[in-house]
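Q: I would like to learn how to read a chain–chain interface. Can we work through one?

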2 protein chains.
Amino acid sequence: MTLTVSIITVFVAVAAVGICGLAIGKREYLNMAVYGIERNDSGGFLAQISQLFAPSGYYMEEPYYHRYAIRPTCLFAEVLNRHMPEVDIYNYKDKVIGNTVNALLSTAYPNGEFPALNDASRTMSITDMGVQVAVSVYSKHYGVDDNLLGMAKIQDRVWMHPCGLVLSRALEQAEQKASVGMPFWPSVELNEGSDGTHGAQGFIRMQDKKGDVSQLVMNYGQHGMGHGNFDTLGISFFNRGQEVLREYGFARWVNVEPKFGGRYLDENKSYARQTIAHNAVTVDGKCQNNFDVARADSVHGMPHFFSVDSDVNSGMSAFANQHYDGLSMQRSVFMLALDELESPLLIDLYRVAGESEHQYDYSHQYQGQIVRTNFDYQSHQEVSTLGADNGYQHLWNIASGKPSETALVSWLQNNTYYTWLGTSSNDSSEVFFTRTGANDPSFNLRSEPAFIYRTAGKTTLLASALETHGYFNEEFEQSVNARGKVSSIKVLGHNDVGSVVQIFTSNSLIILMVCNQLTTATSQHSVTFNQINYQWTGSYAVDITAIKQEK
Amino acid sequence: MTLTVSIITVFVAVAAVGICGLAIGKREYLNMAVYGIERNDSGGFLAQISQLFAPSGYYMEEPYYHRYAIRPTCLFAEVLNRHMPEVDIYNYKDKVIGNTVNALLSTAYPNGEFPALNDASRTMSITDMGVQVAVSVYSKHYGVDDNLLGMAKIQDRVWMHPCGLVLSRALEQAEQKASVGMPFWPSVELNEGSDGTHGAQGFIRMQDKKGDVSQLVMNYGQHGMGHGNFDTLGISFFNRGQEVLREYGFARWVNVEPKFGGRYLDENKSYARQTIAHNAVTVDGKCQNNFDVARADSVHGMPHFFSVDSDVNSGMSAFANQHYDGLSMQRSVFMLALDELESPLLIDLYRVAGESEHQYDYSHQYQGQIVRTNFDYQSHQEVSTLGADNGYQHLWNIASGKPSETALVSWLQNNTYYTWLGTSSNDSSEVFFTRTGANDPSFNLRSEPAFIYRTAGKTTLLASALETHGYFNEEFEQSVNARGKVSSIKVLGHNDVGSVVQIFTSNSLIILMVCNQLTTATSQHSVTFNQINYQWTGSYAVDITAIKQEK
């Protein structure tokens, strides 16, 4: 058995007891399973579904465990619907069942895979049997829409049950009229905590001109108990059918008996759950909350804004002010559609504020082949680890170099080029190219690369832009737009009121102004940096000016 | 332009001149292109196709360049068929056109990809436009068979030409009758050299009970000029849709302009073409033929036997006696179908004979995750390279350990487990786990793992068995038969007459006896090792005894 016992185990047990009670004709067991032994709302299925899910429907242990919980939830709901119609389970607590199914589905990447938040497999997807049951149950009791049809098409099967028949018939009908497309869930912010006040998980989606969906995920919610990763304000990014800024997922080979019986491996704690394993900022080489689960569970992220009304720019921002002693952190991430770019540009502003000097490691888990940089780096003749603990002991320091002003790192992942440009408000920085696998005596880790932008200073703004561009096909020896169009990013200034960054592309000058205080849609903000005054209304503003390129 | 100019460039030029001559009404240019300027069989298309291909149809620069050459060959043949019917091009020189198309196609793996022999992309496949033209031309002029239909199905298109129409109609007809399966080419040995006496390339295929095709490729032919890799007696192995013992392919990012203009990279010479980059034996840490192209082109492998008549065991053996000074080498590889095993067992005997003591590095390029070993190994706290030159400078020495008797290394590649058991006739050995990427200042190499079984001694037999077993599906959390059934391999003895090895599986004792001298099918052989006499007739014999396992 695993060292970490999920709360879900209890959940499954309750549903199992109820169904067994029914099967053996002991209605009292069913009653206990539904209402709890004490019948005082402290136990039983109804109490569980009232308390476990946030008002948004989100489950704190994240999608991998949610898809596991959803199966007994839906099965038992279906049992109650037939055998305890008086509960009116599908309308219970403002339709909590439908709500939580909806929340789970709305986390999935466009290809149906779930982001590997917290302890999770990287390949778990909506084709899981639990999700099949959930989609079928939802279709019957809450109605079918285009996204559900798209998901059913990815699943390629339905639950063998009258609920599944409803979905199957709906899909058949829809396909007779037209082809059923991929699901395209709207952007959604899912609040956390039983009253919805413990932060949130943000999911922003934007479609490019060719219909490809970019999805940006940020964690600014709860820790997730024993399965939690220490990655508040961590992000992941997906487009063109692949995760670009990647989650490592758990260090575990489920059911591979020779790999420690398929259980969670030591490296799950020593690497996979550490802050440095994520797309986040690690301060002073330490893990958020010092890898203390109780401490981590006692704090949470704080939503700032979630703005997804525009077709050309979307953004979300959140604070994490209790995760490192004496430091407040704010991350603001945006997707920006520009005519000259093939896909939405990801812009990321990570601000760390405090009294004293710290080291900031801004890490990016990518995959593929480094194509170019705009700075020299030295690849080391002998390699050692980047550090001694907090996950750094597992990172080989393969190469490093010192960029001047904007650092550019460009890589090729399968058929697509990605170019990252990063900078900070500090004077000096260093980029490390790392690879997992150090201090891994049983080859338990996958060998995966990352690059880490390191700077040091007091209150600091780290800023980056990630461009998705071009096309490469090795088999057909095609390569298009291998260099991209974004040429620089610069921090113009930042303070407790706002941050301003400037980005140059081939044809545009972009000024992005972001509010660093809690704000309303109509608040006016004004900051002055280098004698230039910047003003905007609400959470943020994007100012784009066409430029003529000097040739 | 690349530093290595392929002979094909000349080939393409000749076809181009001929077709241009025709287009601009200058028949004399066509004549020159066909017969050469001197009309003395020393130049022109007819001389080229007579001389460039071996009697088997094999092209010495290997499939990647062959598929490139095949397009102008077939296009120009089609031109001549119409405009110079007197040449009777499709019957010219015993149907050299059809013969060489057939040879190219018969090298492909079951999924349609070409083994990356010599300088080659790992992803080049029969869907390449040149191969499409070739398959269409072949269909029209030499007839359609099931394998061509299977290939056309993988290609999913035909040449837009009357030749393609023939194939398209044949496929349509065939599909109306039944579903068209994957192509399954017979095992084939393709001789090399203009008279077929310069060694050969061996391709053995065997189907398992579920229809999956295992393909074993061994290079015992010519070097291949400027594009040649120094890997005579190198093998590759493919099954379950993936290459298991892998070719690295070239160090080049074709058409990726920021990667050195898409040209061959320095690492192509310093790593990809070196012996250690292959599934071969590197002697004393040096490259075959000292990486001297002229020397390599002056020697070649020598076929010993190629035996593919049995459904339950197939084998091939060859010598390379001029590739290292003072050493003769023989490799004998087999596929053996056993009822108790899911897939054919790959057995490999590599014998090195000479007067003095040498170091032998028996390298295996794999992919995936190490699952277990039967010996302790130390993963290094700081890693350095395995050597200073001949490709070793690019290998990180990640971990190493000293096995006793049989060394076992098991790994998981996608959905399949592989277990390798290796040994030698020497007393001691060491296994190194390596990864490419050292001394790679521009991230030009892919990061890929290998394990190297090292031993030292005078005349030595290295022996191994590779079992394909089980199934793993991360998404569905399924794992079956993760440990395999082969338990040991032991060298019972070897001399200039023969080699004898013993393999234990759960249910069988296998004795494999291989002839180390040139032989005929009826020759009797006898060797005595440890007072036991082994006798067999012909090239090799396999003796299988059912055993009862002690529990």
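Q: How many residues of chain A are in contact with how many residues of chain B?

A: This is a predicted model, where local features need pLDDT of at least 70, side-chain atom pairs count only at pLDDT 80 or more, and totals for chains, interfaces and linings use all residues. Residues are numbered from 1 along each chain as its sequence is written, chains are lettered from A in the order in which they are written, and side-chain values use heavy atoms, without hydrogens and water. Contact means heavy atoms within 4.5 Å. Here 51 residues of chain A touch 52 of chain B.

Q: What area is buried between chain A and chain B?

A: The size of an interface is often given as the accessible area lost when the parts come together. Buried area uses a 1.4 Å probe and is summed over both parts. The value is about 4,400 Å², and carbon and sulfur atoms give 52% of it.

Q: How many salt bridges does the rule find across the interface?

A: The rule wants a side-chain nitrogen of Lys or Arg within 4 Å of a carboxyl oxygen of Asp or Glu. It finds four. R483(A) pairs with E257(B) in a salt bridge, with the closest N and O atoms 2.8 Å apart.

Q: Which elements give two or more residues to the side of chain A that touches chain B?

A: Helices (H or I, at least four residues) and strands (E, at least two) are DSSP runs, numbered from the N terminus. The elements are α4 (62-83), β12 (369-373), β14 (395-401) and β17 (429-436) of chain A. β12(A) gives the most, with four residues.

Conventions: Buried area = accessible area lost by both parts, 1.4 Å probe.
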